[in-house]
Amino acid sequence: MTKKIFSGVQPSGNLHLGNYLGAIKNFVDLQNQKETECIYCIVDLHAITVKQEPKELKKNIRETLATFIASGLNYEKSIIFNQSSVTAHAEGAWILSCTARMGWLNRMTQFKEKAGKDKEKASVGLYAYPVLMAADILLYDATHVPVGHDQKQHLELCRDIAQRFNSDFNVEDFLKVPEPLIQKNFSRIMSLKDGMKKMSKSDPSDLSRINLTDEKDLIVNKIKKAKTDNMPMPAIEENLEKRPEVENLLGIYSSLSNQTLDQSKKEFDGKNFSDFKEKLSDLLVEKITPISKEIKKLLNDSKNLDNILYDGSQKADKIASKKIKKIKELIGF
Ligand code: AMP
Ligand code: TRP
């Protein structure tokens, strides 16, 4: 059976190694597998749940597209588009917000984290965010959704919404209940400065992350300065729970070289830390600099990027508008 893949990334700028290894690399692998149809959405409607500078948002949408293409997504094989240009997403989100229950949304931990102490000041959109995400997925009858670990709860909500809608309107299997695809090996890339914190675009220290636009010298310098400890490289049987920074660096190495953590541990058992860091920098430079060069090249031609998005949106709209039409009929509109 053909797998229908749908996923989304927010256009919030500064895509980094965590986004690449946790999401985009996986998107490319899925695109290149047999019997998959992939749809990748730049979720600009989700982005405005927190304040955005209009010029900056426009730039970030193009930059996200450029990053997708530079990383190996092919806009002729996969549908790539931005969410706001297909109106069914906003319509679907409203309709499904009448299916979703307050109690379900009240459990969402990402809202609690993002809204922080002052929940009263958070936008209504930030609260309803997971319902829009459910609409994204359900409009395309997606069967599989590749996401990072942090999105697992939102996907469970999406499944609940689909099942509730189907039972409310007595239409078995009308909204397809999707399966999450969460990477087993290394789904969380941590900060280079603190092995307990996720690598993130919002970290004030640029030294905490490798951006996909970083050039060679910067990458080498960031790895040189990455936090480690005073102990030697771990032996295969060593448990790395108490050495999160070392585990993270080895994890990055193993993900980039498509090997298991144990294989990487074995490769460096008994070697110096400096040897390992040098190998890691070399590998990062080899994998990341072609991407950063290509991103810069693509960004020089914004017209071309806008055309790609336009074409993708047309294709997405064909699918989504059919589904929303059926949804409206069921409701009685
Ligand atoms: P975001 O930038 O939060 O919209 O995330 C886009 C995608 O990248 C999502 O699938 C996230 O789960 C994934 N992601 C973001 N940061 C990391 C990280 N540090 N490690 C692994 N995956 C990540
Ligand atoms: N909420 C997701 C994130 O922050 C992005 C997203 C929006 C998404 N819609 C989606 C992911 C649909 C998967 C499927 O990472």
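How many aromatic pairs does a search of the whole structure find? The search finds 11 aromatic pairs. The model shown in these views is predicted.

**Figure 1. Phe81 and Tyr140 form a tilted aromatic pair.** Their ring centres lie 6.1 Å apart, with 50° between the planes. Phe81 sits in strand E3 (residues 79-82), and Tyr140 in the loop between helix H7 (124-138) and strand E4 (144-146), so the pair ties together parts that are 59 residues apart in sequence. Phe81 is buried, at 0% relative accessibility. Tyr140 is buried too, at 3%.

**Figure 2. Phe165 and Phe169 make another tilted pair.** The ring centres are 4.7 Å apart and the planes meet at 40°, so the pair counts as tilted. How accessible is Phe165? Phe165 is buried, with 0% relative accessibility. Phe169 is partly exposed, with a relative accessible area of 27%.

**Figure 3. Ring pairs join four residues into a cluster.** The members are Tyr253, Phe268, Phe273 and Phe276.

**Figure 4. Lys323 lies over the face of Phe174.** The distance to the ring centre is 4.1 Å.

**Figure 5. A salt bridge joins Glu91 and Lys328.** The closest N and O atoms are 2.7 Å apart. Why does this pair tie together parts that are 237 residues apart in sequence? Glu91 lies in helix H4 (residues 88-97), while Lys328 lies in helix H13 (residues 302-331), so the bridge spans that separation. Glu91 is partly exposed, at 29% relative accessible area. Lys328 is also partly exposed, at 28%.

Figure 6. Arg164 is partly exposed, with a relative accessible area of 30%. Asp168 is partly exposed as well, at 42%.

**Figure 7. Asp118 forms a salt bridge with Lys121.** Their closest N and O atoms are 3.5 Å apart. Asp118 is partly exposed, at 37% relative accessibility. Lys121 is exposed, at 71%.

**Figure 8. Salt bridges link four residues into a network.** Which residues belong to the network? Asp206, Arg209, Asp214 and Lys222 do.

**Figure 9. Domain 1 and domain 2 share an interface.** The domain assignment gives domain 1 as 3-188 + 302-331 and domain 2 as 206-297. Their centres, taken over C-alpha atoms, are separated by 30 Å. At the interface, 13 residues of domain 1 are in contact with 17 residues of domain 2. The area buried between the two domains is about 1400 Å². Carbon and sulfur atoms give 72% of that area. How many salt bridges does the rule find across the interface? The rule finds 0 there.

**Figure 10. Gln151 is a buried loop residue.** Gln151 lies in the loop between E4 and H8. Its relative accessible area is 11%, and the cut-off for buried is under 20%, so Gln151 counts as buried. Not counting residues up to four places away in sequence, Gln151 touches Gln110 and Met133.

**Figure 11. Asp173 has a positive phi.** The value is near 70°, in a residue other than glycine. Most residues other than glycine have a negative phi. Where is Asp173 found? Asp173 is in the loop between H8 and strand E5 (179-181).

**Figure 12. Asn258 has a positive phi although it is not a glycine.** Its phi is about 50°. Asn258 is placed in the loop between helix H10 (244-256) and helix H11 (261-268). Is Asn258 buried or exposed? Asn258 is exposed, with a relative accessible area of 61%.

Technical notes: Residues are numbered from 1 along each chain as its sequence is written. Chains are lettered from A and ligands numbered from 1 in the order in which they are written. This is a predicted model: local features need pLDDT of at least 70, side-chain atom pairs count only at pLDDT 80 or more; totals for chains, interfaces and linings use all residues. Side-chain values use heavy atoms; hydrogens and water are left out. A salt bridge is a side-chain nitrogen of Lys or Arg within 4 Å of a carboxyl oxygen of Asp or Glu. Helices (H or I, at least four residues) and strands (E, at least two) are DSSP runs, numbered from the N terminus. Buried means under 20% relative accessible area, exposed over 50%, partly exposed in between (1.4 Å probe, protein chains only). Rings of Phe, Tyr and Trp (its six-membered ring) pair if their centres lie within 6.5 Å; planes under 30 degrees apart count as stacked, over 60 as edge-to-face and the rest as tilted. A charge sits over a ring if NZ of Lys or CZ of Arg is within 6 Å of the ring centre and within 35 degrees of the ring normal. Domain bounds come from an automatic or database domain assignment. Contact means heavy atoms within 4.5 Å. Buried area is the accessible area (1.4 Å probe) that two parts lose on being put together, summed over both.
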